[in-house]
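Here is a friendly first look at a protein model.

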Amino acid sequence: MKASKIFRQYVWITDTIYHSGGITLQELNERWVKTELSERIPMNRLTFNRHRAAIEEIFDINIECRRKGYQYYIENEEILKSNSLKHWMIDSLSVSNVLLESSSLKDRILLENIPSGKKHLQPIINAMKQGKRLLIEYLRFGKLERRQIIVEPYAIKVFKQRWYLLAADDKWTIPAVYALDRIMSLKETGDSFEYPKDFNAEIFFKDCYGVICGTNDEVQKIVLRAYPPYVNYLRTLPLHTSQKELNSTSDYADFELYLRPTFDFRQELLSQGDEVEILQPENFREEMKSLLEKMLKRYSMPK
């Protein structure tokens, strides 16, 4: 059997057991034989145990068995609950499995087009591993000239279907963010750098929505009022980890967040139109009101 197919089986087993919360081998097989991966052949216990051992070695995910009911479960499921690379990888591979098994429906499964910036992922990751500076040629939106910058690659982040590089350079006192699809060219300089031991990329982005964090905006308590149907979107997909629902009625719900009201956050709120309203703080409410007035003025002008 091809290694790629075996790997897909590992992902299927991990994902199925995780989302079941606990499942017997018989129940697992009932689902297994319905997949194209199985070729309609049940998985015997020996093969299953061999796959369990491989999953633990490759993903560091432990599949254990409860004596009561002989149900298999993920012992260290916090790995898959956290917003980690491992969680993202398993989730992405699981979706890939589903799509590969649905090739007959290719004209009925519509995906988003992701910019080509991902071609820079491998050299950036290599530079991060080796601690090498990069020379990038960068073209910002709204600019006509490309800039050449030597950067120290710290981290990469995905936001709204785009890849971003978080990197330090001599110009800024804090790391800056570069969209990979705006990098025209990239190469290693051969010069080494030391990744700061006290730097944590997750903490860097913790108080922000999106990727724009290097601003003078302070963390603020923000209270927003959401109206249907946006209320349910916020409940199922919170804007930020600090989000908390304060109260609700049949007409609206109020949410509290603690973050920096950066450009990305403002744009997200504006994209919701009249289904969201800022209640606090007053200065942020006035700022949003001013932006809306400018929008209205544009629409009031003759074509």
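## Before you start

This is a predicted model, where local features need pLDDT of at least 70 and side-chain atom pairs count only at pLDDT 80 or more, while totals for chains, interfaces and linings use all residues. Residues are numbered from 1 along each chain as its sequence is written, and side-chain values use heavy atoms, with hydrogens and water left out.

## The nonpolar cores

A nonpolar core here is a set of buried Ala, Val, Leu, Ile, Met, Phe, Trp, Tyr and Cys residues joined through side-chain atoms within 4.5 Å. Buried means under 20% relative accessible area, exposed means over 50%, and partly exposed is in between (1.4 Å probe, protein chains only). The largest core has 49 residues, and I136, Y178, L224, L239, F265 and L269 touch the most other members. Strand β5 (residues 162-168) gives the most to this core, 6 residues in all. Helices (H or I, at least four residues) and strands (E, at least two) are DSSP runs, numbered from the N terminus.

Let's zoom in on L224. Setting aside neighbours within four places in sequence, its contacts (heavy atoms within 4.5 Å) include L239, F265 and L269, along with D254 and E277. Apart from this core lies another, with 22 residues, including Y18, M43, I55 and F59.

## The cysteines

How many disulfides does the structure hold? There is 1, counting a disulfide as a pair of cysteine sulfur atoms within 2.5 Å. It joins C208 to C213, with 2.4 Å from S to S.

C208 is buried at 6% relative accessible area, and C213 is buried too, at 8%. C65, on the other hand, is partly exposed, at 29%.

## The second largest pocket

This pocket holds about 1000 Å³ of space. Its lining has 33 residues, with Y138, R140, V177, Y178 and I212 nearest the centre. By class, 18 of the lining residues are nonpolar, 5 polar and 10 charged. Elements that each supply at least two lining residues include β4 (147-159), β6 (176-179) and α9 (263-270).

## A look at Q220

Q220 sits in strand β8 (residues 220-226). Which residues does Q220 touch, not counting those up to four places away in sequence? They are L257, Y258, L259, P261, P281 and N283. Q220 and P261 are 41 residues apart in sequence, and their C-alpha atoms are 7.5 Å apart in space.

Note on methods:
1 Å grid on protein atoms, 1.4 Å probe; cavity = no way out; pocket = protein on both sides within 12 Å on 5 of 7 lines; lining within 4 Å. Points joined across faces, edges and corners; volume = space filled by probe spheres on them. Nonpolar A, V, L, I, M, F, W, Y, C, P; charged D, E, K, R; others polar.
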